[in-house]
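Open the model in your viewer and keep the selection tool ready. The stops below say what to select and what is there.

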Amino acid sequence: MRFGMKDVLIGVDLQYGFMPGGNLPVADGDAVVPVVNRIARHFDNIVLTQDWHPPGHWSFASSHPGRKPFEVIRMAYGEQVLWPDHCVQGTRDAELHDDLDIPGAQLVLRKGYHKAVDSYSAFHAADRVTPTGLASYLRERGIERVVLAGLATDFCVAWTALDARTAGFETLVVEDACRAIDVQGSLSNAWAAMKDAGVRRITSADIG
Ligand code: VGL
Ligand code: ZN
């Protein structure tokens with residue numbers, strides 16, 4: 001497959017926090033960095049996202065006395081998995097991996113910066129209504145197709161893919177350029193939801 005001016009690669013949350021040794025490590029997460037570097041060379045348009053939480057963010061288990069990471073609670077906007085403190089603004093944990101070699105990236109989009117609402121998706125906060133502005137940004141630039149890679153498959157990649165479909169973009173996920181957290185069936189649920197929404201699943205070997 002070849003990609004052009006109407007396509008964008010979105011590299012999701014390729015941050016130390018989600019790499020082995022980070023605060024919310026995704027198994028084998030660092031293995032995607034060279035894959036994303038390689039496929040990025042085939043895109044004219046690249047956006048990177050950055051999970052960017054204030055200290056005391058409500059998605060942190062530490063903000064809810066008596067709760068532990070990976071428990072699920074009800075928030076005003078629905079169910080919320082509680083996470084270890086991660087990707088706190090200005091910390092090493094929140095930085096993009098140094099081995100990412102994508103100097104042509106055009107936008108680094110931060111998300112999850114409001115204390116009381118999480119944002120897995122690069123398009124909308126978890127309340128489903130607060131937009132990040134990404135859909136308008138991509139539309140204004142004439143983008144029609146979104147290709148996703150990064151961390152984690154079952155959270156930020158999947159939610160971004162579903163929102164991209166809702167916003168009317170053709171959407172592809174590069175499976176081997178992603179890794180999952182996989183808590184309580186989240187990975188198989190995510191693939192099922194993406195399939196239902198018409199998200200296509202490809203591999204990095206299909207690109208170029
Ligand atoms: C993510 C959980 C919490 C992700 C971000 O990047 O998938 N997951 N914050
Ligand atoms: Zn987060």
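The shell around ligand 1 divides into seven nonpolar, no polar and two charged residues (Ala, Val, Leu, Ile, Met, Phe, Trp, Tyr, Cys and Pro count as nonpolar, Asp, Glu, Lys and Arg as charged, and the others, Gly among them, as polar). To see the shell, select Asp 13, Phe 18, Asp 51, Trp 83, Tyr 120, Leu 151, Ala 152, Phe 155 and Cys 156; a residue is included if its C-beta atom, placed from the backbone, lies within 6 Å of the ligand.

This is a predicted model, where local features need pLDDT of at least 70, side-chain atom pairs count only at pLDDT 80 or more, and totals for chains, interfaces and linings use all residues. Residues are numbered from 1 along each chain as its sequence is written, while chains are lettered from A and ligands numbered from 1 in the order in which they are written.

Stay with Leu 151 and Ala 152: a cis peptide bond joins them, with omega about -10°. Ala 152 sits in the loop between strand S6 (145-151) and H3; helices (H or I, at least four residues) and strands (E, at least two) are DSSP runs, numbered from the N terminus.

Next select helix H3 (residues 153-166) and helix H4 (residues 186-196), which pack at an angle of about 15° with axes 9 Å apart. H3 is therefore roughly parallel to H4 (angles under 35 degrees count as such). Axes are lines fitted to C-alpha atoms, for helices over the stretch in contact, and angles run from 0 to 180 degrees between N-to-C directions.

Last, select Phe 70, in the loop between strand S2 (46-51) and strand S3 (72-75). Phe 70 is not a glycine, yet has a positive phi of about 80°.

Note on methods
Parallel < 35°, antiparallel > 145°, perpendicular 65-115°, else oblique.
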